[in-house]
Amino acid sequence: MAHSEEFQKLEGRIFTKSFFILLAVVLTGFFFVGVRFVKGIGAVSNMSDGYPWGIWITYDVATGTAIACGGYAVAILVYIRNRMQYHPIIRSAILTSMFGYGLAGFSVMVDLGRPWNAYNFFVPRQWQANSAMFEVALCVMAYSTVLMIEFIPAILTSIENSKWTRMNAIRNWLHPRIAPDQKTMEDKLEMVRLGAAWLNPRLNKVLIFFIVLGITLPTMHQSSLGSLLLIASTKLHPLWHTGFLPLLFLLNCIFIGYSIAILESLISSYAFKRPFEIKELSGLAGLIPYVTVIWFSVMVGDLIYRGQLAAAFKFDFYSRYFLSDFLLVAIGSLFMFSGKLRRSPRWLFISAAMIVFGGALYRFNVYLIGFNPGKGWRYFPSFAEVMITVGIVALEILAYKVFVALFPVLPNTSHGKSHGHAPAAEPVKEAGYAGAAALNTHN
Amino acid sequence: MKKQSRRDFLKLVGATGAGLVAAGSATCEANEALKVNNEELGMLYDATKCVGCKACMSACKRVNADYGSLSYEKARFDTDGLWDAPSDLSGSTRTLIKLFKESNKQWSYVKYSCMHCQKPSCVSVCPVSAMTKEPVTGIVDYNKNTCIGCRYCQVACPYNIPKFQWEKALPQIVKCDLCKNTNLREKGISACAEVCPAGAIKFGKRKDLLEEAQTRLKDNPDKYIAHIYGEHEGGGTNHIYLASMPFNKLGLPDIKPEAPAEFSEKIQHTIYKGFIAPVALYSTLCFIAVKNMKKHGHGEDDSHKKEEK
C-alpha cells in the first residue's frame with residue numbers, strides 16, 4: 001500500500017521558542033482554571049445573573065466550534081460535492097476541528113457550575129428533548145468522537161512507518177536495570193505495528209460512514225447553536241431574534257468553515273515555509289460568496305418580513321454592530337468574487353479573515369452584544385476570564401504544532417509538485433485515509 | 001467544468017437551504033395550543049396592601065435556609081451583621097421586597113420571586129430535567145442533584161428569576177419552589193403568605209386567586225391599574241400581581257401572551273420531526289458519498305457488499 005503519499009509529516013524540531021511562549025500562555029490560563037475550581041466562577045469572571053453566559057460560551061463554544069467547522073465544510077466539498085482535488089487539505093482541517101471541538105468541550109467543563117452532574121446527559125430518564133442545549137451537548141460529544149475516529153488513520157499510518165527512534169531513545173536513556181529488554185521491546189513494538197497495519201485498511205473501508213456522520217452532526221448542532229437563543233425573545237434584540245436563527249447559524253458556520261480552511265492553509269504554509277496551495281484555495285474561495293449571498297438574502301428577507309429593516313439603519317449601538325458584521329462578510333465576499341484577487345495569497349488572506357471576523361462577530365452579536373437582560377446589568381469579560389480563553393486557544397495552536405510534526409497531516413509538497421498542475425484530473429493515490437481503497441483506482 | 005461545479009454546488013446549497021426554510025416556516029400542525037390549568041397553586045401579591053415590612057423575606061430564609069441553600073447577606077454599613085440586607089434576588093435570596101418611588105405620592109412596593117409559569121421557559125430549556133413543573137400543583141421545582149450548572153435557565157427566564165451562586169466552589173441555582181419541601185408540606189401554605197401581616201400575599205389555587213383579583217379590581221377601580229399581571233403574560237403565571245403603578249415601572253417586564261417556550265419548541269420540533277429528519281439527512285448523505293466513492297473506483301467490491309447489507 002502506498003501510504004500517505006498525499007500527506008507528510010513536518011520536518012523540524014518541536015521544542016522551538018514559540019513552543020515555550022505558547023506553553024507559558026497555556027499555563028497562565030490553567031492557573032486561572034485552578035482558581036475557578038477552588039474559589040468559584042465569580043472569583044475569575046465578570047459573569048452575573050443578568051449575563052449568565054460570558055465569553056467562555058460565546059467565544060469558546062458558539063464561535064470556536066464555528067471556526068472549527070473547517071473539517072465540516074471541506075468534508076461536504078470532498079465527499080458530498082465530490083471534489084477530490086481538495087482532499088489534500090482535509091486532514092489539517094479535520095485536525096483543527098478536532099482541537100476546536102475538544103477544547104470547546106473542555107471550556108464547557110470550566111464553565112459548568114456543577115460539572116460532576118454532567119453524566120446526566122447519558123441517563124435517558126433525564127433527557128429533555130425540548131432543550132436545544134441537550135441537542136447541542138450530545139451532538140458535540142458525538143462529533144468530537146467522530147473527529148477522533150477520522151483522525152485515527154493518520155496515527156495508524158504513523159505507527160506503521162515508525163522506526164521507533166523516540167522509543168529507543170527513551171529506552172537508552174533509562175537506567176539499564178529498569179530498561180526493558182531490547183528484544184522484548186522490539187517484539188512488542190512489532191506487534192503494535194502489525195496491529196496498526198491490520199486495523200488501518202479495515203478502518204478505511206467503513207470510515208466513509210463516520211465521515212458522513214461527521215457531516216450530519218455539525219448540520220444538527222450548528223443550527224441548534226442558533227436555536228439556543230430562540231427562547232430569549234424578550235432579551236435578544238429584534239435585529240437578531242428570529243425564527244430563522246438555526247438556518248442563519250448553519251449557513252454562517254459553512255462560510256466560516258471554508259474561510260478558516262483557507263486561513264489555516266495560508267498560515268501554516270507561511271509559518272512552516274511551505275509553498276502556498278493557491279489552486280485549491282482559490283477554488284474554495286470561489287464557493288464562499290454563494291453561501292454568503294444565501295445568508296444575506298435570508299437575513300435581509302427576514303428583517304423585511306418582520307419589519308425590522310429600519311432598526312438596522314438607526315446607527316445606534318445595536319445597528320452599528322449589526323452593520324459591522326454584515327459589511328465585513330459582504331466586503332470579504334466581494335473580494336472573493338474576483339478571480340484575480342482570489343489567486344493572490346495576500347488578498348485571499350484579507351478576504352478570508354474579514355469573513356471569519358464578520359461571521360464570528362455575528363455570533364457575538366447574538367450571544368452577548370444583542371443580549372439585554374434588563375436595566376442595570378453590565379458585562380465585560382475580566383482579565384482572568386480572557387486569560388482562560390486565550391490559554392485554551394494557545395493550547396489548540398500548541399497541539400496543532402506538535403501533531404503536524406508527529407503525524408502525516410499536511411499536504412505532501414513533493415507529491416503536489418510532481419502531479420500538481422491539474423489536480424482535478426490527477427489520479428488520487430492516497431490509501432491511508434478516508435475510504436481510500438475506493439480512490440485507489442484511477443491509475 | 002468549473003462552471004458546472006459551481007452550478008451544482010449552488011443547486012445543492014439552494015436545495016438544502018430551501019428545505020430548511022420550508023421546515024423552519026412550515027405551520028406546525030402537531031402543536032397543540034397551550035392549555036391553562038387554573039387548578040394549580042399560586043400566589044396573588046397585592047402591591048397596594050404591602051407595607052414593606054419584609055416579614056416574607058425573613059420567613060422565607062428562616063424556613064428554606066437549609067433546604068434551599070440560602071444565607072444572610074450583610075449590608076456594607078452593617079459591620080456587626082445585624083440585618084439580612086440583600087439588594088436583589090441572588091444565590092442567597094429567593095424572595096425580595098423592593099420599593100419603587102417616583103415621587104412622594106407615587107410609590108409602590110413590589111415583591112420578586114418565581115412566577116411559576118404555566119409554560120416555564122426554564123423547564124423547557126433545561127437539558128437534564130433539573131427544572132421540572134409538577135403536574136398537579138404546577139410548582140416549578142429545581143433539583144440540584146441533576147443540575148449541571150449550565151445556567152441556560154437564567155438566559156431563558158424572561159423575569160430573571162433563577163439565580164446562581166457565583167461565589168461558591170460548589171454552586172447551585174436558587175429559586176422559589178413555593179416552600180414545596182418545607183412550609184407547604186408542613187402547613188399547606190408558603191411561608192411568605194403565612195406570615196404576611198397586611199394580607200398582601202394570598203396563597204391558593206390559580207382560579208380562586210384570579211377571581212379574588214377581579215373582585216378587587218371591580219370594587220376599587222381607582223386604586224389599581226386595570227390589569228392583572230400574570231393572567232396572560234408569557235402564557236400565564238401562577239404568581240399574579242395587582243398594583244397601583246404600571247408594572248414595567250416595578251421591574252416586571254412587558255411580555256407577550258405567547259409563551260417564549262412555545263415559540264422555540266415549535267421551531268425545534270419542526271426541524272427535527274421526532275428525529276426523523278436527522279436520520280433522513282444521514283441516509284441521503286451516505287448515499288451520495290458512497291456513490292461518489294464508487295465513481296472513483298472499482299477495486300473495492302467487499303466494501304460495496306458491506307454497504308448493501
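This is a predicted model: local features need pLDDT of at least 70, side-chain atom pairs count only at pLDDT 80 or more; totals for chains, interfaces and linings use all residues.
**A note on chains A and B**

1. Residues are numbered from 1 along each chain as its sequence is written, while chains are lettered from A and ligands numbered from 1 in the order in which they are written.

2. Both faces of S1(B) are covered: Leu41(B), Met43(B) and Tyr45(B) are buried on one side, and Gly42(B), Leu44(B) and Asp46(B) on the other.

3. Now for the partners of S1(B), where two strands pair if DSSP finds at least two bridges between them. With strand S8 of chain B (residues 201-205), S1(B) runs antiparallel and is joined by 5 bridges; Leu44(B) stands opposite Lys202(B) there. With strand S9 of chain B (residues 239-242), S1(B) pairs in the parallel sense over 4 bridges, and Asp46(B) faces Leu242(B).

4. Chain B is divided into domain 1 (41-258) and domain 2 (261-289), with bounds that come from an automatic or database domain assignment. Their centres, taken over C-alpha atoms, are 38 Å apart. The contact between them takes 6 residues from domain 1 of chain B and 5 residues from domain 2 of chain B, where contact means C-beta atoms, placed from the backbone, within 7 Å.

5. Turning to the two chains together, 64 residues of chain B are in contact with 66 residues of chain A. On the chain B side, the largest share, 11 residues, comes from helix H9(B).

6. Chain A has 16 helices and 2 strands, helices being DSSP runs of H or I with at least four residues. Its radius of gyration, taken over C-alpha atoms, is 23 Å, close to the 22 Å that the globule rule gives for 443 residues, so chain A is as compact as a globular protein of that length. That rule is 2.2 Å times the number of residues to the power 0.38. Buried residues make up 51% of the 443 residues in chain A.

Conventions. A residue is buried if 20 or more other C-beta atoms lie within 10 Å of its own, exposed if 12 or fewer, and partly exposed in between; C-beta atoms are placed from the backbone.
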